[in-house]
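Subject: Structure for you to look at

Hi,

Here is the structure I promised. Please open it first, then read my notes below.

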Amino acid sequence: MLESTFNFVIANPLLLALIKILIIFAVLSGIVAYLVYMERKVLAFMQARLGPMRVGPWGLLQPVADGLKLLLKEDIIPAGADEWLFLMAPAISIFAAFTVFAAIPFAGNFYVTDINIGLLFILAVSSLGIYGIILGGWSSNSHYPLLGALRSSAQLVSYEVAGGMALVGVLLFSNSLSMVDIVNRQLSMGVWYVFLQPVAFLIYVIAAVAETNRNPFDLPEAESELTAGFHTEYSGFRFALYFMAEYTNMVVVSCIAVTLFLGGWLRPFASYSALDFLKFTPILAFLGAGGFVLWLGLKSSVALERHFFMVLAAGFVALAILVAYPPVLIAIQGIFWFGAKVLAFLYAFIWYRATFPRYRYDQLMNIGWRWMIPLALANVIVTAVGRYLWLSHHAATAVAWLGR
Amino acid sequence: MAEATFLDANELVINMGPQHPATHGVLRVKLKLDGERVLGTECIIGYLHRGVEKIAENRTYAQFTPYVDRMDYCAAVTNGMGYVEAVEKLLGVEIPPRAQYTRMILAELQRIASHLIWLGTHALDIGAMTPVFYTFREREEVLKIFEEYCGARLTTHAFRIGGLQYDLYDGFERDVVKFCDYFLPKIDEYEQLLTKNRIWINRTRNIGVLSGEDAIALGVTGPVLRGSGVKWDIRKAQPYEAYDKVEFDIPIGEHGDTYDRYIVRMAEMRQSVRIIRQCVERLGPGPIFGKVGKVIKPPVGEVYHSIEAPKGELGYYVVSDGTVNPYRVRVRPPSLINLQALDKMAHGHLIADIVAIIGTIDIVLGEVDR
């Protein structure tokens, strides 16, 4: 029975893809919800406070409570709004954000699809998301959202140029637009592209922060200036969709950065077999998480909370034991390293938010057009020339050697 | 032809406030915009008007003291200090040194607390969300001292006409010195986050420039005036209490921009700590109350007395008709006068700068509207 089901799934690639999509969608929604929780916690600890603590142990159920609350809120449509566009706009944003994941390889063998224009597809679809913002701000028929939408359209368009240019440098090395190939190429070259393209990496990170409307470039929704920017008039779950789209976009840009610059699912120094012991890191990570949770539990004075944390710690230890089983250890390598890198990237996003003040609109544009884009262009030219010289030098030696 | 909409006009008028996260209360600013550029501003005030000055006419002199705390609720101690001193001047009473030094300590602590609120909210408006939590953490320590002294944290009603109601609690000096030691490194911590931060400098340098002449012409006082390079501090110019007996500097700015005002206020907090330390040293034993009768009945006459509140010159004009109620009390709130400079400072800047400028003026709407 089980075997026949398995065979049926294998025989229908469409069904397999559908299952993968479902898994990714479900897991990602959870991740996005808990990303908000993580942001609130990390910010809180950086700011000498505790963050959410009331809903569930250490506020762990806060995302669920927030989601429920937003679902139950009234869906208000302003009187002067363009109703159709107003209703559509958040859906466009979230659609674009989630669709991108179709082309992102989470591990060497776990992706929905590997198309040969993967990167192009990702860039194209994620830039569609801006329509959600512009249309949402426009259709609200209100001043603050309109200003917010104008700001964000200008910002996203100009930083997309810089970010896109930065990626060209990587493509010159990878010779492929397929996300899977790009990672495999990093494995065969034995180096992550961040070391070959440090300038491009920096430009991409800055552009990524700007594209996701995060501090210090969070002008479109600068609450102290434009109240809430483009989604001022939104309420209830439509607001939640925008909110989710923003955090999903954070995950998206982190995934792209990790895949292109940080070796995707590869473990550090993947081409050096001497460092093979690094493959045991997942076990240590789960044990560490278990220990941390146990420590939290022992510190707690509430009996229920203590028990919950003990169970959670036991769960982590069980996971560690499961992972220690060699086939499983091999199987989860990719997803573990990919997840860890993305998490580090997301943490940096939150860190920026706690540290920086906000740029002004014209300063943001200045940086984008006067620094980032010329720098990215220069990087492309330098890389191209360098790569050409390097390759032709090797070609020349090869020809000389053959002709001998 | 299509119907003309507001988009066809070059000027866009938007209301900032009275409910807006960055107007520090219920200030309403009508902005005339061309795109994001500000062509003009108009402040509409009065949303928090409570008629404090009129209330004074139906209260006795002593009864009115708690009301003044509710004007600048971020600096209740200095507000009360200005009023009780004005009445003391009217009565012609001297207050004993112990009471004077106590008042100075509490007033300078209040200046620190008020500047901390300013710093936190100002930084928050410009987008740096972390300093506000740090400054409120330190402010809490000040409020704990207030609470220990008089039982209240915000609207303290700390002083009485003629001196102090309570003598200092045991360990007051220790707490204050401990706070000073604790607080100075914290100022460095804030400066580490902001002073040399590229973005912070970009957002505040040459924003809301106010020349010294303009500042004087507009009647601007306090750190805003000093930021414009005018060395005017009432604590030095017309010393009250025992400010002529302590040493401190008046920090001033050069360019009169938002960054200079930021630097001035940061330096002022350090100077306040310096004043507090000197006051604690001189805080000897002695009486805490001057010669004031049970019923306060000043002779017919009028008096204007002003002090250097955290936000600028806080003046009280009190007229007595010889009864137990003041005939008229008029307050010169620094926030209201300083707010008049907004239009001059904001002209030609962008919307984002408006919030920086409102923040740098450091207004409290309770005081603007009274």
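How far apart are the end C-alpha atoms of helix H11 (residues 236-261) of chain A, and what span should its 26 residues have? Keep in mind that this is a predicted model. At 1.5 Å a residue, H11(A) should span 38 Å. Its end C-alpha atoms are 38 Å apart, which agrees. Of the 26 residues of H11(A), 23 are buried, so the rest of the structure largely encloses this helix. Just after H11(A) comes A:Gly263, with a positive phi of about 75°.

Most residues other than glycine have a negative phi. A:Asn175 has a positive one, near 60°. A:Asn175 sits in the loop between helix H6 (143-174) and helix H7 (179-189) of chain A. It has 9 C-beta neighbours inside 10 Å, so A:Asn175 counts as exposed. B:Glu241 also has a positive phi, near 45°. Its loop lies between helix H10 (234-237) and helix H11 (258-282) of chain B. B:Glu241 has 21 C-beta neighbours inside 10 Å and therefore counts as buried.

Last, a helix pair. Helix H2 (residues 13-46) and helix H14 (residues 326-355), both of chain A, pack at about 45°, with axes 10 Å apart. H2(A) and H14(A) are therefore oblique to each other. The crossing is right-handed. Residues in the contact include A:Leu35 and A:Val42 of H2(A), and A:Leu346 and A:Ile350 of H14(A). By class, this contact has eight nonpolar, no polar and two charged residues.

Best wishes

Methods. Residues numbered from 1 in each chain as written. Chains lettered and ligands numbered in written order. Predicted model: local features only at pLDDT ≥ 70, side-chain atom pairs only at ≥ 80, totals over all residues. Helix = DSSP H or I, 4+ residues; strand = E, 2+ residues; numbered from the N terminus. Expected span 1.5 Å × (residues − 1). Buried ≥ 20, exposed ≤ 12 C-beta atoms within 10 Å, placed from the backbone. Axes fitted to C-alpha atoms, helices over the stretch in contact; angles between N-to-C directions. Parallel < 35°, antiparallel > 145°, perpendicular 65-115°, else oblique. Left-handed = near helix turned anticlockwise from the far one by under 90°. Contact = placed C-beta atoms within 7 Å. Nonpolar A, V, L, I, M, F, W, Y, C, P; charged D, E, K, R; others polar.
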